[in-house]
Amino acid sequence: GEKVPIYTFPREDVALVSGPAAPSESQARGFADPDLDGYITIPWDSIDHWFEEDEEVFVHPRDPFVRVDALHSSRHVRVERDGHLLAESDSAILVFETGLPTRYYLPERDVDSSLLADSDLQTGCPYKGFASYRDVLLNGRRHRGLFWSYQTPFREVTAVKGYLAPYNERVDLIVDGHQQERPAGPLGPPAEPSAPAA
């Protein structure tokens with residue numbers, strides 16, 4: 001699976017309490033790495049809330065080597081699928097995140113709302129927040145999760161609130177007249193069904 005950061009704690013600083021929902025001694029794991037001798041980790045989902053200082057952390061610990069920048073751009077961005085124009089904007093916000101393709105967030109007014117349908121898909125990111133998705137309906141076919149948005153984004157990307165980002169890997173993205181190569185990668189919503197949705 002995807003490698004994500006973890007928290008480690010000096011074993012003597014961790015008090016594992018008993019109770020049906022509490023992490024147990026068997027869940028706390030040590031490490032074979034000699035640099036981490038005496039440290040343990042606790043499974044993320046065995047704790048109700050995690051905090052760095054006074055701020056809650058979601059999904060997994062944040063990586064100090066990951067940077068996320070949301071920058072306003074006047075680049076001309078077109079989004080197409082199977083030759084159909086889905087969106088066009090000169091007011092995108094570009095989100096640059098370490099290790100990921102540039103994401104183009106477009107004002108909702110610049111996306112053809114007549115092609116959008118609600119989706120119950122949601123995902124979480126420790127840097128941006130919790131995303132909700134929109135499906136695209138074209139010629140009787142439902143393309144699941146082609147756009148996502150953050151209604152309550154975290155502080156690093158507050159500018160993208162209410163903007164819609166196309167899933168680069170499954171659309172044609174034309175930026176300043178140049179078609180972008182579709183990135184390959186495991187991130188994003190599940191693969192589309194091969195059969196048209198009813």
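Analyst: A definition is needed at the outset: pLDDT is the predictor's confidence in each residue, from 0 to 100. It applies here because this is a predicted model.

User: Which strand of the protein chain has the highest confidence?
Analyst: The protein chain averages a pLDDT of 84, and 85% of the residues score at least 70. Among the strands, confidence is lowest in strand 4, at a mean of 77. The highest value, 98, belongs to strand 7.

User: How many helices and how many strands are in the protein chain?
Analyst: The protein chain has 198 residues, of which 39% count as buried. Among its contacts between residues at least 6 apart in sequence, 52% join residues at least 24 apart. As for elements, the count is zero helices and 15 strands.

User: Which strands are the edge strands of the open sheet of four strands?
Analyst: The sheet has the order 7-6-14-15, with antiparallel pairing. An edge strand pairs on one side only. The edge strands are therefore strand 7 and strand 15.

User: Which residue in strand 7 is the bridge partner of Val 77?
Analyst: Strand 6 covers residues 77-81. Strand 6 and strand 7 run antiparallel and are joined by five bridges. Across this pairing, the partner of Val 77 is Ser 89.

User: Is Ser 89 buried or exposed?
Analyst: Ser 89 is found in strand 7, which spans residues 84-89. Beyond four places in sequence, Ser 89 touches Arg 75, His 76, Val 77, Leu 106, Pro 107 and Asp 110. Its relative accessible area is 3%, and the limit for a buried residue is under 20%. Ser 89 therefore counts as buried.

User: With which residue does the side chain of Ser 89 make a polar contact?
Analyst: Among the residues that Ser 89 touches are Pro 107 and Asp 110. The polar contact joins two side chains at 2.7 Å. The partner of Ser 89 in this polar contact is Asp 110.

User: How many residues are in the largest nonpolar core?
Analyst: In soluble globular proteins, nonpolar side chains tend to be buried together. In this model, the members of the largest nonpolar core that touch the most other members are Val 77, Val 79, Leu 86, Leu 106, Val 111, Val 136 and Phe 147. Strands 6, 7, 11, 12 and 14 each give two or more residues to this core. The number of residues in the largest nonpolar core is 19.

User: How many aromatic pairs does the structure hold, and what is the centre-to-centre distance for Tyr 105 and Trp 148?
Analyst: The structure holds 10 aromatic pairs. Tyr 105 and Trp 148 form one that is edge-to-face, with 80° between the planes. This pair links distant parts of the chain, for Tyr 105 is in strand 9 and Trp 148 is in strand 12, 43 residues apart. The distance centre to centre is 6.5 Å.

User: What is the relative accessibility of Trp 148?
Analyst: Ring pairs link Trp 148 into a cluster with Tyr 105, Tyr 133, Tyr 150 and Tyr 167. Tyr 105 is buried, with a relative accessible area of 1%. Trp 148 also counts as buried because its relative accessibility is 7%.

User: Which residue in strand 9 is the bridge partner of Ile 93?
Analyst: Strand 8, residues 93-97, is mostly covered, with four of its five residues buried. Five bridges join strand 8 to strand 5 in antiparallel fashion, and Leu 71 has Leu 94 as its bridge partner there. Strand 8 also pairs with strand 9 in the antiparallel sense, over three bridges. In strand 9, the partner of Ile 93 is Tyr 105.

User: Which residue takes a positive phi in the hairpin of strand 8 and strand 9?
Analyst: This hairpin has five residues between the strands. The phi in question is near 85°. The residue that takes it is Gly 99.

Terms used:
Residues numbered from 1 in each chain as written. Heavy atoms only, no water. Buried < 20%, exposed > 50% of the residue type's maximum accessible area, 1.4 Å probe, protein only. Polar contact = N/O pair within 3.5 Å; in protein donor to acceptor, adjacent residues only side chain to side chain. Contact = heavy atoms within 4.5 Å. Core = buried A, V, L, I, M, F, W, Y, C linked by side-chain atoms within 4.5 Å. Phe/Tyr/Trp six-rings, centres within 6.5 Å; stacked < 30°, edge-to-face > 60°. Pairing = 2+ DSSP bridges.
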